[in-house]
Amino acid sequence: MITQDLAILKTVKAAGSRLAGLDIGDRTIGVSLSDTTWQLATPLQTVERRGTVKDVAALCQLVQAHHIVGIVAGFPLNMNGEEGPQAQKVRVFADALVAAIDLPIVLWDERWSTLAASRALLEADLSRKKRSKVIDKVAASYILQGVLDAIR
């Protein structure tokens, strides 16, 4: 199921379970994980895009390895709140992902996540090269943290 309704996540919460956050881009997918109490999001890794089938397979492995019961995907709406081409790409990928795994996927407005992640990394005084390696998974953690804060 793909939805923008956060209430679906409360129905799948179980002891020891986690949520995953995704920042889906054209070249990479940033991945973050919640802790088992669903309080804190932490960057996990960046998956290099190698085609939808391989990308979905890589994410399915992470779902199994980390006891993930739901996925939050950053949904890049335009500044006016409308869906643009990048949001449509995320929808298409989410459709492929939900066909492979039987988990709810929540689309979460991510308009400010990359900016917030960039600012945090700048404040941490990371070089441009180091920032480029971690920005996607940090943005994924901002996306997931937004949802964790909203469902508390």
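How many residues does helix α2 have, and how far does α2 reach from its first C-alpha to its last? Helix α2, spanning residues 52-65, has 14 residues and reaches 20 Å, close to the 20 Å expected at 1.5 Å a residue; that expected span is 1.5 Å times one less than the number of residues. Helices are DSSP runs of H or I with at least four residues, strands are runs of E with at least two, and both are numbered from the N terminus.

A word on provenance. This is a predicted model, in which local features need pLDDT of at least 70 and side-chain atom pairs count only at pLDDT 80 or more, while totals for chains, interfaces and linings use all residues. Residues are numbered from 1 along each chain, and side-chain values use heavy atoms, without hydrogens and water.

Which residues of α2 are buried? They are Asp55, Val56, Leu59, Cys60, Leu62 and Val63, where buried means under 20% relative accessible area and exposed over 50%, with a 1.4 Å probe and protein chains only. These residues lie on the same side of α2 because they cover an arc of only 160° around the axis, taken from the directions from the axis to the C-beta atoms. The face turned away carries the exposed Val53, Gln61, Gln64 and Ala65.

Turning to the core: the largest nonpolar core has 26 residues, and Leu22, Ile29, Leu59, Ile71 and Leu97 have the most contacts inside it. Such a core joins buried Ala, Val, Leu, Ile, Met, Phe, Trp, Tyr and Cys residues through side-chain atoms within 4.5 Å.
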